[in-house]
Number of protein chains: 2
Amino acid sequence: MRPREIPDIVIRRLPIYERTLKQMLDAGITSVSSEELGERIGVTAAQIRRDLSYFGKFGKQGKGYDVARLAEAIAHILHLDRQWDVALAGFGHLGQAIAHYRGFEPNSFRIAAIFARNPEHIGQQVNGTVVLSETELTRVIQEMGIKIGIVAVPAAAAQNVADRMIAGGVRAILNYAPVILKVPPSVWVREIDPISALQSLTYYLDNGDQPDGHAAASLNHRLATEATGD
Amino acid sequence: MRPREIPDIVIRRLPIYERTLKQMLDAGITSVSSEELGERIGVTAAQIRRDLSYFGKFGKQGKGYDVARLAEAIAHILHLDRQWDVALAGFGHLGQAIAHYRGFEPNSFRIAAIFARNPEHIGQQVNGTVVLSETELTRVIQEMGIKIGIVAVPAAAAQNVADRMIAGGVRAILNYAPVILKVPPSVWVREIDPISALQSLTYYLDNGDQPDGHAAASLNHRLATEATGD
DNA sequence: CCATGTGAATGTTTTCACAGCT
DNA sequence: AGCTGTGAAAACATTCACATGG
């Protein structure tokens, strides 16, 4: 029998838990209750306890959770206790911002390959990674065994780039292009879509309504929407 | 009595419907069934019909929907039938990528003010918008009547920037910083969090599991993930 | 006959509330 | 006394399935 199916919505909350625990650890906090953690994150204590219960028992009754231990446990569940090579396709303003971002390395990722179409970009280096021609995309991804791709090319090129990443062995894609990618069932996609996010925010503006269910919607809403960056 | 409360999850799907309809229009398609639209987007036909039913009747039995008319109706619901001024805080690699992005104008937004801390950036122009000192943030936002802010500053500065945007009158924030912003109930926040997205993807990699519920999870998952406001 | 719009059924996620352990 | 982990209940979201109207 299967260990029980874990809802994707739960998986999407775990990185926030892990990040918050690491921040607490940096602040010298070594123990935390679900109540306290929930307050920092903006979710209920019950939700945190329920989410964690899918994976085991990490707390001590009457005491709470050991911050370091729980952070490690979640990192392990998410396979963050190793470094993942990522392939970046696209080197326009967005791709360059992604390539320069220093938040990947401390969080288990490394931009291990960058692909551009513009000949002027090919050969440039960012953080020690050389920009390659996008014609090499499938081959290099395959040879390097890369399983994660970031699509930061214009909408019109996104599906083609995704297809070629998948042909090279990519199984997870972070898509910044405003397009719904068609991928086989073995491939996971998360969308980063700031325009959609803004367009849904305007619904609540200027019509005199107060948003309601505000606090509750917070993290869940974010997780549901997967958004984008830019 | 209130017109009935519309779930935020529904609001978050509308921009995708609108975008897809506009793409179809560009392709010369003038009529569409919920079945066909759902297939393009990756959701069920029933979901599209249910979502639209919160707002009225837009289709013709036996015929489907008029693409242009439905796109306009959704744009109207989301208040996209006007242009929204947006304030951008942060002008590092990410902020510059956002400032240069050409996708705002055609989608009802305009980066109307940019704020930086680095003196070398202040005074620069991007698409006709001058970069101002972040010390001016609250005053300028207030004077310009800006209601939407984009936070693209380092994590440590994000809460302070958000507070000052809100003091200036901002009611909706797109947050790129990896921090949970604390905001009053009258303010909505959506998170753009690529690191979290990647960290949830790795759960599914390398453990031999096939993703399941994949197709169904797609759009909903993305929507669920974005978080915020509340 | 086709496809919408929607009650009813089903499925999923969150919250309640408390037994049980420290 | 305090807080976890979890059955059970409630709330929420999706899908079914069909009456209805073009």
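Good morning. I begin with helix H7 of chain B, residues 155-167: at 1.5 Å a residue, its 13 residues should span 18 Å, and its end C-alpha atoms are 19 Å apart, which agrees. The expected span here is 1.5 Å times one less than the number of residues. Helices (H or I, at least four residues) and strands (E, at least two) are DSSP runs, numbered from the N terminus.

Please keep in mind that this is a predicted model, in which local features need pLDDT of at least 70 and side-chain atom pairs count only at pLDDT 80 or more, while totals for chains, interfaces and linings use all residues. Residues are numbered from 1 along each chain as its sequence is written, and chains are lettered from A and ligands numbered from 1 in the order in which they are written.

Which residues of H7(B) are buried? They are Ala158(B), Val161(B), Ala162(B) and Met165(B). A residue is buried if 20 or more other C-beta atoms lie within 10 Å of its own, exposed if 12 or fewer, and partly exposed in between, with C-beta atoms placed from the backbone. Seen down the axis of H7(B), the buried residues fall within an arc of 105°, so they line one face of the helix; the arc is that of the directions from the helix axis to the C-beta atoms. They pack against strand E4, helix H6, strand E8 and strand E9 of chain B. Just after H7(B), Gly169(B) takes a positive phi of about 115°.

I turn now to chain A. This chain has 9 helices and 10 strands, and 51% of its 230 residues count as buried.

Not counting residues up to four places away in sequence, Ala99(A) touches Leu88(A), Phe91(A), Ile111(A), Ile114(A) and Val126(A). Two residues are in contact if their C-beta atoms, placed from the backbone, lie within 7 Å. Leu88(A) is also among the residues with the most contacts inside the largest nonpolar core, which has 139 residues. Such a core is a set of buried Ala, Val, Leu, Ile, Met, Phe, Trp, Tyr and Cys residues joined through C-beta atoms within 7 Å.

Ala99(A) and Lys60(A) are 39 residues apart in sequence and 42 Å apart in space, C-alpha to C-alpha.

Of the 28 residues around DNA strand D, Lys57(A), Gly59(A), Gly62(A), Gln61(B) and Gly62(B) come nearest; a residue is near a strand if its C-beta atom, placed from the backbone, lies within 6 Å of it. H3(A) gives the most to this surface, with 6 residues.

Around DNA strand C there are 28 residues, of which Gln61(A), Gly62(A), Lys57(B), Gly59(B) and Gly62(B) come nearest. Here the largest share, 6 residues, comes from H3(B). The surface near DNA strand C divides into 9 nonpolar, 12 polar and 7 charged residues. Ala, Val, Leu, Ile, Met, Phe, Trp, Tyr, Cys and Pro count as nonpolar, Asp, Glu, Lys and Arg as charged, and the others, Gly among them, as polar. Thank you.
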